[in-house]
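Good morning, and thank you for the time.

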Amino acid sequence: MHPMLNVAVKAARRAANVIQRASLNLDTVRVEKKKHNDFVSEVDQAAEQAIIDVILDAYPKHAILAEESGGRGLGTSEYEWIIDPIDGTTNFIHGHPQYCISIALAHRGQIQQAVVYDPNRNDMFTASRGVGSFLNDRRIRVSKRINMNECLIATGFPVVDQSMLDTHLAILKDVIGKTAGARREGSAALDLCNVACGRVDGFFEFNLKPWDISAGSLIVQEAGGIVTNMHGEDGWFESGDIVAAAPKVLGQLLPLIAPHVKATA
């Protein structure tokens, strides 16, 4: 394992200890509302600090971009860690066991290392650019399904920024009509990992943040999948509008999305 990836794994496990201890007494967890349907708990903050402590102990000159505490040292290092301490906070505070820790490392703007850890299933997804993607040290690949009517598609509803809600629901209606079904589980990072290991065949969502997709996108790509924006192009990292799938599924999923996003291109 690459040394920097090893540090990310260590940091994810340290954060998981914080999160899982707190999950035993959710009634005592303090939760604040950042904006409509956007929550942060004291556990997010404690887990994030645990991750940052591990990373900076190993690499004190590296930059950090974290969901809760923002950026530190940005522009001062070629290396930038992108952190989401709990992707799926709403699930976590409700006791719904679908959330994860997401940690990515970018070098000169390109994601090189990725960890997504699901502490409830003890699923550790990892990827290094050019090396492949792994689930608990076992190599993973995107699904081999090629018929859309057999495919399961994951998505996430735009509950914070609802400007694309009508568009999203129109796409979802067409997707459901052409596939074996859709799933909305509340953690984009885990959705991307599920694409990578073939548990679902594709994923799309609007208005995601860098910490939601940095690690999961590399895990998909290193598992043989493709990541694009809603038009099948680059720019998904900047816009947060993302589609990820196995290559033959992507070619069928994008045409279902295209008629609904053409006007906003």
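Two strands are said to pair if DSSP finds at least two bridges between them. Helices (H or I, at least four residues) and strands (E, at least two) are DSSP runs, numbered from the N terminus. The model is predicted, so local features need pLDDT of at least 70, side-chain atom pairs count only at pLDDT 80 or more, and totals for chains, interfaces and linings use all residues. Residues are numbered from 1 along each chain as its sequence is written, and side-chain values use heavy atoms, with hydrogens and water left out.

I begin with strand β13, residues 202-205. β13 pairs with strand β15 (residues 242-245) in the antiparallel sense, over 4 bridges. Within that pairing, F203 stands opposite A244, and G202 stands opposite A245. β13 is also joined to strand β11 (residues 152-155), by 3 bridges, and these two run parallel. There, T155 has F204 as its bridge partner. Which way do the side chains of β13 point? G202 and F204 point one way, F203 and E205 the other way, and all are buried; buried means under 20% relative accessible area, exposed over 50%, and partly exposed in between, with a 1.4 Å probe and protein chains only.

These strands belong to an open sheet of 5 strands, in the order β12-β11-β13-β15-β14, with mixed pairing. At its edges stand β12 (181-184) and β14 (226-228); each has a single partner strand, so one side of each is left without a neighbour in the sheet. From one strand to the next, the twist averages 20 degrees. Axes here are lines fitted to C-alpha atoms, for helices over the stretch in contact, and angles run from 0 to 180 degrees between N-to-C directions. Helix α6 packs on the sheet and touches β14 and β15, its direction making about 140 degrees with that of β14. Helix α8, residues 247-261, also packs on the sheet, touching β11, β13, β14 and β15, and makes about 145 degrees with the direction of β15. Contact means heavy atoms within 4.5 Å.

Let me turn to the other sheet. An open sheet of 8 strands runs in the order β4-β3-β5-β6-β7-β8-β9-β10, again with mixed pairing. Why is one side of β4 (70-72) and of β10 (138-139) left without a neighbour in the sheet? Both stand at the edges, each with a single partner strand, so one side of each has no neighbour there. For β10, 2 bridges join it to β9 (residues 132-135), and the two run antiparallel. L135 of that pair stands opposite R138 in β10.

Two loops in this region deserve a remark. Most residues other than glycine have a negative phi. D137, in the loop between β9 and β10, has a positive phi of about 70 degrees although it is not a glycine. R108, in the loop between β6 and β7, likewise is not a glycine and has a positive phi of about 50 degrees. D137 counts as exposed at 66% relative accessibility, and R108 counts as exposed at 65%.

Now the helices. Helix α1, residues 3-23, has 21 residues that should span 30 Å at 1.5 Å a residue, and its end C-alpha atoms are 30 Å apart, which agrees; the expected span is 1.5 Å times one less than the number of residues. Its buried residues, among them M4, L5, V7 and I19, pack against α2, β5, α3 (89-93), β6, β7 and β8.

Helix α2 (residues 42-58) has 17 residues and reaches 25 Å, close to the 24 Å expected. It lies across β3 (63-66), β4, β5 (79-87) and β6 (100-107), at about 150 degrees to β5.

Finally, helix α5 (residues 188-196) lies across β5, β6, β7 (110-118) and β8 (123-128), at about 100 degrees to β7. The axes of α5 and α6 (residues 210-222) come within 8 Å and cross at roughly 0 degrees. The two helices are therefore roughly parallel, the term for angles under 35 degrees, with over 145 counted as roughly antiparallel, 65 to 115 as roughly perpendicular and the rest as oblique. In this contact, residues including L192 and V195 of α5 meet residues including I213 and I219 of α6.
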